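Have a look at it first.

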Amino acid sequence: MSDISLAERQAVRKALRRLVPLVLLLYTAGYLDRVNLGTAALTMNADLGISTSAFGFATGIFSAGYIALQVPGNLALNRLGPRRWLGLLTMSWGVVAVSSSLIQGEGSLIATRIALGAVEAGMLPGMFMYLTIWFPPRMRGRVTALVCLPFYAILGSPLSAAIIQYAHGLLGVAGWRWMFILEGVPTIVLGLVLLRFLTDSPATATWLTEPEREALLRVTTTETTTEKPKIRFSDILERLRDLRLVTLSVGVSLLWVGFVAITSFLPLIITGFAEQAHTKLSVLQTGLLSGSVYIPATLVALIWVSSSDRRNERVWHVACGALLAAGGTVLAANTTGLWLTLLGTVLLTSGIYAALFLMWQIPVGHLHGPVAMSVGIALTTMLGNIGSFLAPYIVGWLRDTTGNYNSGLYFIAASLIGCAVVTVAGNRIRARTAASHTTAPHHDDLEEVTSH
């Protein structure tokens, strides 16, 4: 083993211990609000007279700010640096999350969700960009799987349900309002922690030795200079002309139809099927069942990511994951027993997460350099969020129109099948090689950063 490879291994181990727990907390806080809104809906909708379609629209409108501010968010990250940008963002959405406790009806719910989407817009692409700065391409699939573990659902759903059920009436305040307060305040504290402990890049890490810094910089896509990259409008246009990037981003959008629908509506879906099976569930029981669905999904996703890394293959792993999720969706829609329905939702969630951890590596797999990666990741996230915008409203509208969630589940299944088809077809489009900010691809560089 060479001195350089030993230094690289030591640097990576230090980065894993110091940064991965912080990024995991960042991701968990960012997605907890999506799950806890679905849990809040178990009592909030009735309290405020919010229809399922209006709730779906409010859930989807969250993505409006996300879509509008994805690219500006990554430009701000390059200007401010990851530590300040991610820390300030986290504090900001913590404040907005707490303000969700003041919702009085459909209008204020929609306004709050737009504001939350706007302040969270830079989180996901910023987090992905941060991982490219710190970890070599060969590790990013597994590292991303670690930081995107769905603790926000496994632990967050039961926690949210427990707060709603047991804090209800405390000081005359509804339980769902306490939930927003008690889960929003720690997010503000997390922002302060990120400002203190995140490090912008290996080049500025005082907790690495000089050989470790040099070794890590050699194997990441970060340039060995601390100068911040300048991004021009032409860089954005260059990515928009990349047919492969745009087409595969449509696949991301179709996958997110299933992801956002299941994270937003899972408690309501479980409650609906329980009622059809003549079973009465408490809020806490619903939260526990919702969280338990994600445990096998996490195990399946980790096995799937390991298989993908070993074979250095992404496309068919994503396609098969999407098809597994579609099959689970059809099963859930065609069963009458609660436990078979839960099995269907387990397969749905497992397939989505198996694909989600890997999907983001495919659209940006041919992009190289900080400018192309920054803009490409932001655009992929922005285009992918179109599915987040449409899915909740369509599922909610179908529920109000038909009286059950079956038609919404079929819509999700069709989108997931479309994801598999578009991913396989889009990957056959030849990547742009003449872009001014790209270089010839290296074998290891095909493993790029993923998302949730």
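What follows is a set of questions and answers on this structure.

Reader: Before we dig in, what am I looking at, and what pLDDT do side-chain atom pairs need?
Author: This is a predicted model with residues numbered from 1 along each chain as its sequence is written, and side-chain values use heavy atoms, with hydrogens and water left out. Local features need pLDDT of at least 70, totals for chains, interfaces and linings use all residues, and side-chain atom pairs count only at pLDDT 80 or more.

Reader: How are α14 and α17 oriented to each other?
Author: Helices here are DSSP runs (H or I, at least four residues), numbered from the N terminus. Helix α14 covers residues 315–333 and helix α17 residues 406–426, and their axes come within 8 Å and cross at roughly 165°; axes are lines fitted to C-alpha atoms over the stretch in contact, with angles from 0 to 180 degrees between N-to-C directions. Angles under 35 degrees count as roughly parallel, over 145 as roughly antiparallel, 65 to 115 as roughly perpendicular and the rest as oblique. So α14 is roughly antiparallel to α17.

Reader: And how many charged residues sit in the contact of α14 with α17?
Author: Contact means heavy atoms within 4.5 Å, and the residues making it include Trp-316 and Leu-323 of α14 and Tyr-410 and Leu-416 of α17. For the classes, Ala, Val, Leu, Ile, Met, Phe, Trp, Tyr, Cys and Pro count as nonpolar, Asp, Glu, Lys and Arg as charged, and the others, Gly among them, as polar. The tally is 20 nonpolar, three polar and no charged.

Reader: Which way does α13 cross α15, left-handed or right-handed?
Author: The axes of α13 (residues 283–311) and α15 (residues 338–359) come within 7 Å and cross at roughly 40°, which means α13 is oblique to α15. A crossing is left-handed if the near helix is turned anticlockwise from the far one by less than a right angle, and right-handed if clockwise. For α13 passing α15, the crossing is right-handed.

Reader: On to charges: how far apart in sequence are the parts that Lys-14 and Glu-212 tie together?
Author: The structure holds three salt bridges, each a side-chain nitrogen of Lys or Arg within 4 Å of a carboxyl oxygen of Asp or Glu. Lys-14 and Glu-212 form one of them, at 3.0 Å from N to O. Lys-14 lies in helix α1 (residues 3–48) and Glu-212 in helix α10 (residues 210–219), so the parts they tie together are apart by 198 residues.

Reader: Is Glu-212 buried or exposed?
Author: Buried means under 20% relative accessible area, exposed over 50%, and partly exposed in between (1.4 Å probe, protein chains only). Glu-212 has 3%, so it counts as buried.

Reader: What separates Glu-210 and Arg-213 along helix α10?
Author: Glu-210 and Arg-213 form a salt bridge, with the closest N and O atoms 2.6 Å apart. Glu-210 is partly exposed at 42%, while Arg-213 is buried at 17%. They are three residues apart in α10, so the separation is about one helical turn.

Reader: Last one: which residues is Ser-160 in contact with, leaving aside its neighbours within four places in sequence?
Author: Ser-160 lies in helix α8 (residues 156–166) and is buried at 0% relative accessibility. Its C-alpha atom is 7.7 Å from that of Ala-40, 120 residues apart along the chain. The contacts of Ser-160 are Leu-32, Asn-36, Thr-39, Met-179 and Glu-183.

Technical notes. Helix = DSSP H or I, 4+ residues; strand = E, 2+ residues; numbered from the N terminus.
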